[in-house]
Amino acid sequence: MNRRGLLVLGGLFVLGGGAVGCGSAGDPAEPDPRNVNTDVEPLERRFRAIGRLSDPHWLGYNPNDSGREWLPDQDPQIRVVGVARLPAGAVKTIVGTRAYAFEPSVPSHTPGELAEFLPEGAEWVGSAGYDKHITRSLYRGRFRFSAATDHVYFDTVNPEILPASQPPQ
């Protein structure tokens, strides 16, 4: 059994019914973790506090996995990164919350596979306080929003499924 297959059997990380990081390179029977996903359900379960998402394009993969190791990674770091649209006006509501003090913040380290899905004319803003609100400090995550295009860009590591958060008072 290959390294990635062990990760799947161990139940370490599954998104949308398909395992992230399964299969060996060139194995047509198993999905390539660097293929862009468009399934919204796994994202909404992990980022439910953001709201209803649509038109997602995202990746879920272990950036440290070269596929050449013989033993499975004991602490896999699954990066879930991508972009999705929110309902019209939802981003303005989020970034208008004074408690989060959003500031201009351009997404960084965007995988090449996602470049074509980033909206033109986006004016990205982010907030460390909002990031903590979504992640509850249980995993690493950064969220960038564009009110001009109603998009969210997310870049997380091992995002957990959490109950919906309450907005700050």
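These exercises walk through a predicted model of one protein chain.

**Exercise 1. Describe the fold in outline: how many helices and strands does the protein chain have, and in what pattern do they follow along the sequence?**

Solution. 
Step 1. Count the elements. The protein chain has four helices and eight strands.
Step 2. Read them along the sequence. The pattern is α-β-β-α-β-β-α-β-β-α-β-β.
Step 3. Residues 24 or more positions apart account for 62% of them.

**Exercise 2. Work out the order of strands in the open sheet, and find which strands stand at its edges.**

Solution. 
Step 1. Write down the order. Six strands line up as S3-S4-S8-S7-S6-S5, with antiparallel pairing.
Step 2. Go to the ends of that order. Strand S3 (54-61) and strand S5 (103-104) each have a single partner strand, so one side of each lacks a neighbour in the sheet.
Step 3. Zoom in on one pairing. Strand S6 (residues 124-126) and strand S7 (residues 140-146) run antiparallel and are joined by three bridges. Here Val 125 stands opposite Phe 145 in S7.

**Exercise 3. Decide whether Ile 134 is buried or exposed, and list what Ile 134 touches.**

Solution. 
Step 1. Ile 134 sits in helix H4.
Step 2. Apply the cut-off. Buried means under 20% relative accessible area. Ile 134 has 3%, so it is buried.
Step 3. List the contacts, leaving out residues up to four places away in sequence. Ile 134 touches Phe 47, Ala 49, Ile 50, Tyr 139, Phe 143 and Leu 162.

**Exercise 4. Trace the aromatic pairs around Phe 102: which residues form the cluster?**

Solution. 
Step 1. Start with the total. The structure holds eight aromatic pairs.
Step 2. Take Tyr 100 and Phe 102. Their pair is edge-to-face, with 6.2 Å centre to centre and 75° between the planes. Both residues are buried.
Step 3. Move on to Phe 102 and Tyr 130. This pair is tilted, at 5.6 Å centre to centre and 45° between the planes.
Step 4. Locate the two partners. Phe 102 lies in the loop between helix H3 (90-95) and S5, and Tyr 130 lies in helix H4, 28 residues apart.
Step 5. Check Tyr 130. Its relative accessibility is 3%, so Tyr 130 counts as buried.
Step 6. Join the rings. Ring pairs link Tyr 100, Phe 102, Tyr 130 and Phe 145 into a cluster.

How values were computed
Residues numbered from 1 in each chain as written. Predicted model: local features only at pLDDT ≥ 70, side-chain atom pairs only at ≥ 80, totals over all residues. Heavy atoms only, no water. Helix = DSSP H or I, 4+ residues; strand = E, 2+ residues; numbered from the N terminus. Contact = heavy atoms within 4.5 Å. Pairing = 2+ DSSP bridges. Buried < 20%, exposed > 50% of the residue type's maximum accessible area, 1.4 Å probe, protein only. Phe/Tyr/Trp six-rings, centres within 6.5 Å; stacked < 30°, edge-to-face > 60°.
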